[in-house]
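The tour below gives a series of selections and says what is found at each.

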Amino acid sequence: MLRLPVTTRFAPSPSGPLHVGHLLAACEARRLATLHGGRCLLRIEDIDTARTRNPEWVRLMLQDLVWLGLAFDGEVMVQSRRFGVYAAVLEQLRQRGLLYPCFCTRAEIRARQEEISRAPHGCPAARYPGTCRALPPELVQEKLAAGVPHAWRVNMRRVEDSIGCPLWEDLRRGVQRCVPSACDDAVLARKDAPVAYHLAVVVDDAAQGVSLVTRGEDLFEATHIHRALQGALGLPVPQYCHHRLLCDASGKRLAKRDGARSIASLRAAGWSPQRLLDSLQAALRRGGRWEE
C-alpha cells in the first residue's frame with residue numbers, strides 16, 4: 001500500500017538532450033505525485049563531470065520540460081553543489097570501517113572476472129571479485145602513502161554484519177529482502193570523481209524527503225545496493241516503483257547512447273507536446289514499444 005503523503009522526484013543527468021525515455025520517467029513521477037496530492041521534485045544529477053561538462057545541457061533540459069508543460073515543486077537540487085555533504089558521509093563510512101580503497105584498474109578487474117568464469121566451478125561474473133577487500137593493512141597504507149590511484153568501495157559483508165538483511169518495497173513486485181553480501185561492493189567514490197551515483201542518490205533522496213522513487217526497471221537490482229546504504233547510514237527508506245522501459249520495434253531499449261529520439265528533435269520536426277504525450281501513452285499500451 002502506498003504511504004501518504006507522496007513525494008516523488010525526477011532526476012535526470014545532463015549528459016545530453018532529454019529523450020523519450022526521460023519523458024516516461026518524468027511523467028510517471030509527476031503522475032503519481034499529482035494522483036495522490038503530493039509533490040514532485042526536480043534534481044539535476046551532474047556529479048559525473050566527465051559526462052556533464054557542457055553547461056548548455058541543463059538549460060536545454062529545463063527548456064524541454066517547460067515546453068512539455070511539466071511542472072515541479074520546490075527548489076531544484078543540483079548535485080554538483082553538494083560535494084561537501086557527500087564527503088562528510090564518505091568519511092563517516094570510512095571511520096566505521098565500511099569502506100576500503102580499491103587499487104584495481106578496469107582492465108585488471110575484467111581479467112580477474114574472466115579468470116573466475118573459466119574456473120571449473122566458476123560462473124560469468126559481472127561483480128567486482130573482491131581483490132582489494134582483504135589486502136594487508138600495511139600494504140594498503142603503503143599504496144595510499146605512495147599516491148597510488150584508487151576508488152573507495154563499500155564492504156557489503158561488513159554492512160550485512162552491521163544491519164542484517166533489511167526489507168524494501170516495490171509497488172509492482174512487492175516486498176523485497178536485501179542481502180548486502182549478495183550485492184556488489186559498489187564504488188562510492190573514484191579517483192576522477194569525489195562521489196559516485198549509488199551514494200549520492202541515497203543521500204539526496206533522504207535530504208529531499210522523497211517517499212516514492214519512480215524509475216526504470218533497469219535499476220531494480222541497484223535498489224538492493226541503495227537499501228543497504230540506507231541501512232548503514234540510518235536513512236529513511238522510501239517505497240519504489242520500477243516502471244517498464246521504452247523500446248524500439250525489435251525490443252531494444254531506447255536510451256541516449258543508442259540514439260533515442262530527443263525531445264528537441266521531435267519538437268523541431270513539428271511535434272506538439274500533446275502529440276508527444278499521446279505517443280507515450282500509446283507506447284505504454286503496446287507494452288513499451290515506441291513508434292513514430
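Is Phe10 buried or exposed? Phe10 has 4% relative accessibility and therefore counts as buried; buried means under 20% relative accessible area, exposed over 50% and partly exposed in between, with a 1.4 Å probe and protein chains only. This is a predicted model, in which local features need pLDDT of at least 70 and side-chain atom pairs count only at pLDDT 80 or more, while totals for chains, interfaces and linings use all residues. Residues are numbered from 1 along each chain as its sequence is written, and side-chain values use heavy atoms, with hydrogens and water left out.

**Aromatic pairs**

The structure holds five aromatic pairs. Rings of Phe, Tyr and Trp (its six-membered ring) pair if their centres lie within 6.5 Å; planes under 30 degrees apart count as stacked, over 60 as edge-to-face and the rest as tilted. Select Phe10 and Phe72, which form a stacked pair with 6.1 Å centre to centre and 15 degrees between the planes. Phe10 lies in strand S1 (residues 7-10) and Phe72 in the loop between helix H2 (56-68) and strand S3 (77-78), so the pair ties together parts that are 62 residues apart in sequence. Helices (H or I, at least four residues) and strands (E, at least two) are DSSP runs, numbered from the N terminus.

Next, select Trp168 and Tyr240, an edge-to-face pair with 5.5 Å centre to centre and 80 degrees between the planes. This pair links distant parts of the chain, with Trp168 in strand S6 (residues 167-170) and Tyr240 in strand S10 (residues 239-243), 72 residues apart. Both Trp168 and Tyr240 are buried.

**From Phe220 to Arg173**

Now select Arg173, in the loop between S6 and strand S7 (174-177). Leaving aside neighbours within four places in sequence, Arg173 is in contact with Glu217 and Phe220; contact means heavy atoms within 4.5 Å. Arg173 counts as partly exposed because its relative accessibility is 45%.

**Two helices**

Show helix H6 (residues 156-163) and helix H8 (residues 220-233), whose axes come within 10 Å and cross at roughly 55 degrees. Axes are lines fitted to C-alpha atoms, for helices over the stretch in contact, and angles run from 0 to 180 degrees between N-to-C directions. H6 and H8 are therefore oblique to each other (under 35 degrees is roughly parallel, over 145 roughly antiparallel, 65 to 115 roughly perpendicular and the rest oblique). Which residues meet here? Met156, Val159 and Ile163 in H6 meet Ile225, Ala228, Gly231 and Ala232 in H8.

**The start of the chain**

Select Arg3, which lies in the segment before S1. With 42% relative accessibility, Arg3 counts as partly exposed. Apart from neighbours within four places in sequence, Arg3 is in contact with Ser211, Val237, Pro238 and Gln239. Then select Pro5, also placed in the segment before S1. The peptide bond from Leu4 to Pro5 is cis, with omega near 0 degrees. Most peptide bonds are trans.

**Last stop**

Finish at Arg94, in helix H3 (residues 83-95). Arg94 touches Leu99 and Trp152, not counting residues up to four places away in sequence. At 25% relative accessibility, Arg94 counts as partly exposed.
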